[in-house]
Each structure stands twice: as structure tokens, then as C-alpha cells.
Amino acid sequence: MNEHKRNANLLKGMFDSAVIFFQRHVELVNALNVFPVPDKDTGTNMYQTLMNMKVGIGREQTDRERKIYEENRDETVKRIQRNLSDVEDLSLRLWVASFFAAKGNSGSILAHVFKGVFEGLTESQSVDVSILVKAKEEAYSTFSDPVEGTMLTVLRDLATESVKRSVPGGVICDSFSSMIEIARISTDSTPALLPILKESGVVDSGGYGVEIILRGMALFLSREDPETASLYLRFPDDKGEGIERLILQHQVTNEKYGYCTQFVLESSVSEELIERKLGESGESLAILGSHGVFRVHIHAKDPGKPISAAVHIGVVSEVSIEDMEKKIVGKEEDTVSVNEKNLSNF
């Protein structure tokens, strides 16, 4: 078996192990979720993103997926002047799957991370920790005003410290023990950087999710079963009293968090113009784009505003609207799916 084929098999095995291990931690991650909205869905969003990616690379690509895959493959081959290796091709397929699988803030960040992994692999001479630098850079590009004390911070520390600790000729698989320790320390530090975490008695839930992904990958390397391996437990301080106070304060002020709105936009305009057009209609705007196809995520009080702005600059599809308020107060999740035929309502 050649080295690139072996690396592809390793990446696939590590990814599958992480998905399985993460599934067992979903509610633990959800329980720590207070930022940007205490809607208890970070674990769910990260897991659904990962699981949908796993499904996506295991089936035939849709026409849209194939278009993005082929255009990025051909552009990269032209740039690096060689065909993609097996592991590079797999990382590209994972990124394309994440493009359509991304759910919520945390899922959008994961999609950018996998884009960075692909770019890092094609730029590196070996599969080493330098890949993490590109993943971090892409993660930070998710939002125009990134907030520290979140999973972004954990990804930054992971990249920076791993490169500092790396040795010449080392491969990333040999660094997982160190990477997990870096992620643990960084996650522990998040309350010092983001006051709402400290007030609520939690670490950042997305940072915890990054830890779980790394630990799940490491299980494959150590030949442990992610279905039965010991869980890595984190709990809110004081049995969650800080989170309860946060939710109570929110109910007293009667401020509404609005709707988590996501859609695919096909447009010939630039990502910068899309950001300007949609930026004033909500918060937590995240855009992932490739060759005229963009995945948009935004928190909006009125979801019709970003959708209306988007239909004026392109074709909108695969719309998902979730009422974050109902999720916060413990009611059944309210999700609305919209297709092109009824976008006239917006």
C-alpha cells in the first residue's frame, strides 16, 4: 500500500471514529452551550454536521456537490501541477460534504476547518501539524468579527502550540497526545476570555466539541473502540445554576434571540458583497463560498430580511429556519424548511 493510500485510510478511519465518539457526547456538549445563544444545540449541530459529512462521502455526489468538487479539484491540480493524492482527494470530498452539511455556528466553523485541512494538505510536503494553521485561518474567516473564548480560540491555540512543539519530519498522527492536551488547556481557559462563560459556570461548548473530535480520532490510532471507550466528561459548575440564571434573566428582559436561518445562495457576486448585503439583517453571519455557490448562516430577528436580500442577488434554496427562543425555553424545536417555490413569501 502506498503512503498516500495509507494516509487516506487513516484519515477515513479517524474521521469515522470521531463521529461515533462525538455521538456519545452530544448531550454533554449541549449542556454547556450558552454562547452566542443558550439554546442547547452546539453538540447537536456539530454531530449532525459530522454525521451528514460521513453520509455524504459514502454515497454518490449530488450535481451541486460534484460541481463544487470538480471545480476545486481542477483549480487545485492546475495550481500544484499534479494530480491530487488519495488523502487530498478524501479531504476535498469531506470539505464538499461539510459545505452542505454545516448546521449552526459550530457546524459552519467545522466546514471552514475542513476546507483549511484540504488546503493545508495540498500546500504541505508532508502530513504534519502545519495543516492545522490553514484550518485555523479558515475557521477565523467564518465570521467578520470573531469572538475569543470560543472554539475559534481552541483551534488557534491548537495550531499555534502544535507548530511550536513539532519536530522536523514529524507527522500529525504522532502529535495527537500533545494536541489533545493543548485543546484541553485552551478549553479550560475559555471562561477567562468570555465573561458569559464565567458567569454561567461553563467552558465553551464548541471548544469541548473540538476536544471530543480529537479524542475520537486518537482512539482510532490507538485501536480503541469509540463505542465503548470511556467518555470525557465536562459538567457545568454548581449543577447548572449559572445557566439557569442566564435563562431567567433573558426571560425577565423579554429580549428575543430570533431565528437561526441557513440557506444556499447561487450568485455571481463576491463573498464580500454578500456580506455587505446580508450583514445588517442579523448577527453571527457566516458565509462559506466556492465558485458561485455560498452556504449562508445568520441569526435574525426577522428571517425574511436576509432571505429577501439574498434573492435579489442570486438564487436561494435549501432554506432552514429554526426558532431559537423555543429551544431556549425547552419547547419542541420549530424548524421550517423552504424551497424555491415558496420564497415569494419573503
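Reply: Seven helices, H1 (3-23), H5 (86-101), H6 (104-123), H7 (131-140), H8 (151-165), H9 (176-193) and H11 (205-221), each supply at least two residues of the lining of the largest pocket. H1 provides the largest share of this lining, with 7 residues. Helices (H or I, at least four residues) and strands (E, at least two) are DSSP runs numbered from the N terminus. On a 1 Å grid over the protein atoms alone, a pocket is an open set of points with protein on both sides within 12 Å along at least five of seven lines, a cavity is a set where a 1.4 Å probe fits but cannot get out, and lining residues have an atom within 4 Å of a point.

The model is predicted, so that local features need pLDDT of at least 70 and side-chain atom pairs count only at pLDDT 80 or more, while totals for chains, interfaces and linings use all residues. Residues are numbered from 1 along each chain as its sequence is written, and side-chain values use heavy atoms, with hydrogens and water left out.

The volume of the largest pocket is about 680 Å³ (the space filled by probe spheres set on grid points joined across faces, edges and corners). Its lining holds 35 residues, and Leu11, Val117, Ile172, Phe176 and Met217 lie nearest the centre of the pocket. Sorted by class, this lining consists of 28 nonpolar, 4 polar and 3 charged residues (Ala, Val, Leu, Ile, Met, Phe, Trp, Tyr, Cys and Pro count as nonpolar, Asp, Glu, Lys and Arg as charged, and the others, Gly among them, as polar).

The second largest pocket contains about 500 Å³ of space. Of the 32 residues that line this pocket, Phe35, Pro36, Asn105, Phe143 and Ser284 lie nearest its centre. Helix H3 (42-57), H6, H8, H11, strand S2 (283-290) and strand S3 (293-300) each contribute at least two residues to that lining. H6 makes the largest contribution, 4 residues. By class, 12 of the lining residues are nonpolar, 14 are polar and 6 are charged.

The 20 residues of H6 reach 29 Å from the first C-alpha to the last. Of these 20 residues, 18 are buried (under 20% relative accessible area; exposed means over 50% and partly exposed in between, with a 1.4 Å probe and protein chains only).

Phe35 and Pro36 are joined by a cis peptide bond, with omega at about 0 degrees. Pro36 sits in the loop between helix H2 (26-30) and H3. The loop between H2 and H3 also holds Lys40, a residue other than glycine whose phi is positive, near 55 degrees. Lys40 is partly exposed, at 43% relative accessibility. In strand S2, Ser284 likewise has a positive phi, near 55 degrees, and Ser284 is partly exposed at 22%. Asn45, by contrast, belongs to helix H3 and is buried, at 4% relative accessibility. Leaving aside residues up to four places away in sequence, Asn45 touches Lys103, Gly104 and Ser106 (contact means heavy atoms within 4.5 Å).

Around it stand Ala102, Ser108, His112, Ala286, Ile287, Leu288 and Arg295. H6 and S2 are the elements that give two or more residues to this lining, and S2 gives the most, with 3. Here the classes are 4 nonpolar, 2 polar and 1 charged.

Ile213 lies in helix H11 and is buried, with a relative accessible area of 12%. Beyond residues up to four places away in sequence, Ile213 touches Ala18, Phe22, Met46, Leu50 and Leu110. Met46 is 167 residues from Ile213 along the chain, yet their C-alpha atoms are separated by 9.8 Å.

How values were computed
Expected span 1.5 Å × (residues − 1).
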